[in-house]
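User: I'm new to this structure and would like to learn how to read it. Could you walk me through it, one feature at a time?

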Amino acid sequence: MTEPAREVLTWETFGTASRELTTEIVESGFVPDIVIAIARGGLIPAGAIAYAMGVKASGTLNVEFYSDIEETLPDPVVLEPLLDTDAIVGKRLLVVDDVADSGRTLALVVDLLKKHTDEVKSAVIYTKPRSIVSPDFSWRETDLWINFPWSTLPVITRP
C-alpha cells in the first residue's frame, strides 16, 4: 500500500511562505493593531507574521477541532484561557492559522471576534478548496494533507 500524497512544508519553505504572506498583507494596506493566533497550529505562523510586520500586540484563541489526521470533533470548541475581549474593542485584528481546511475553525473565530470589533481579517499558510470560508490572505492552496514542520515529528515523552 502506498503512502498518500502529502504537501510537505519545511522550516526553510515556511520562512519563505511567512515572508511572502506578510508581503501580501502589507501590500493590501491592512495594518493590524493585534495579531491573534488560533492555537495551536496558528501560533508559529502568527508569531512570524507579527515579527515581519513589526506588530508587538498579539494574542491567542485556543480552539480544538482535529482529534487526529483527518478526524475531527463534531464542531470546533473554544478552550480556556479565553481572549480578553475588552482589549480588542475598536482594534484592527489579524487572525492567523496554519490552514483553512474545512474553514469551520476560522469562521468560528472570525465571527466571535467581529462581535467585539469592526475590522477582522484572516491569514493562513494554506487554504483547502473545500473550506467554507475564503481567508483574506493565503499563501497557497492544496487539497493534500499537510505535513507542517512543527507537528510531524512524534511527541517527546519521558522514558
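Predicted model: local features only at pLDDT ≥ 70, side-chain atom pairs only at ≥ 80, totals over all residues.

Analyst: Let's begin with the naming: helices (H or I, at least four residues) and strands (E, at least two) are DSSP runs, numbered from the N terminus. Residues are numbered from 1 along each chain as its sequence is written, and side-chain values use heavy atoms, leaving out hydrogens and water.

User: How many helices and strands does the protein chain have, and in what order do they run?

Analyst: There are three helices and eight strands. Starting at the N terminus, the order is β-α-β-α-β-β-β-α-β-β-β.

User: What share of the residues is buried?

Analyst: First the cut-offs: buried means under 20% relative accessible area, exposed means over 50%, and partly exposed is in between (1.4 Å probe, protein chains only). Here, 42% of the 159 residues in the protein chain are buried. As for contacts, meaning heavy atoms within 4.5 Å, take those in the chain with a separation of 6 or more: residues 24 or more positions apart account for 69% of them.

User: How do I check the length of a helix, say H1?

Analyst: The expected span is 1.5 Å times one less than the number of residues. H1 covers residues 11–28, which is 18 residues, so it should span 26 Å; its end C-alpha atoms are 26 Å apart, in agreement.

User: Which residues of H1 are buried, and why do they line one face?

Analyst: The general idea is that an α-helix has 3.6 residues a turn, so residues three or four places apart point the same way. In H1 the buried ones are Phe-14, Ala-17, Ser-18, Leu-21, Thr-22 and Ile-25. Looking down the axis of H1, they fall within an arc of 130 degrees, so they line one face. That arc is taken from the directions from the helix axis to the C-beta atoms. The face turned away from the buried side carries the exposed residues Glu-12, Arg-19 and Glu-27.

User: What do the buried residues of H1 pack against?

Analyst: Their partners are helix H2 (43–53) and strands E5 (92–100), E6 (119–127) and E7 (137–141). Zoom in on Ser-18 in H1: its relative accessibility is 7%, so Ser-18 counts as buried. Beyond its neighbours within four places in sequence, Ser-18 touches Ala-48 and Ile-49.

User: Then what about H2: which of its residues are buried?

Analyst: Pro-45, Ala-46, Ile-49, Ala-50 and Met-53. Around the axis they cover an arc of only 130 degrees, which puts them on the same side of H2. These buried residues pack against H1, strand E2 (34–39), E5 and E6. Just after H2, Gly-54 has a positive phi of about 75 degrees.

User: How do I read aromatic pairs, and how many are there?

Analyst: A pair of aromatic rings is described by the distance of the centres and the angle of the planes. Rings of Phe, Tyr and Trp (its six-membered ring) pair if their centres lie within 6.5 Å; planes under 30 degrees apart count as stacked, over 60 as edge-to-face and the rest as tilted. The whole structure has six such pairs. One of them joins Tyr-126 and Trp-139, edge-to-face at 5.8 Å centre to centre with 75 degrees between the planes. Tyr-126 is in strand E6 and Trp-139 in strand E7, 13 residues apart.

User: Are Tyr-126 and Trp-139 buried or exposed?

Analyst: Tyr-126 is buried, with a relative accessible area of 0%, and Trp-139 counts as buried at 15%. Tyr-126 also pairs with Phe-148: the ring centres are 6.0 Å apart and the planes at 65 degrees, so this pair is edge-to-face too. Phe-148 lies in the segment after strand E8 (145–147), so the pair ties together parts that are 22 residues apart in sequence. Ring pairs link Trp-11, Phe-14, Tyr-126, Trp-139, Phe-148 and Trp-150 into a cluster.

User: Back to Thr-127: which residues is Thr-127 in contact with?

Analyst: Beyond its neighbours within four places in sequence, Thr-127 contacts Ala-100, Pro-135, Ser-138, Arg-140, Glu-141 and Thr-142. The C-alpha atoms of Thr-127 and Glu-141 are separated by 4.7 Å, although these residues are 14 apart along the chain. At 10% relative accessibility, Thr-127 counts as buried.
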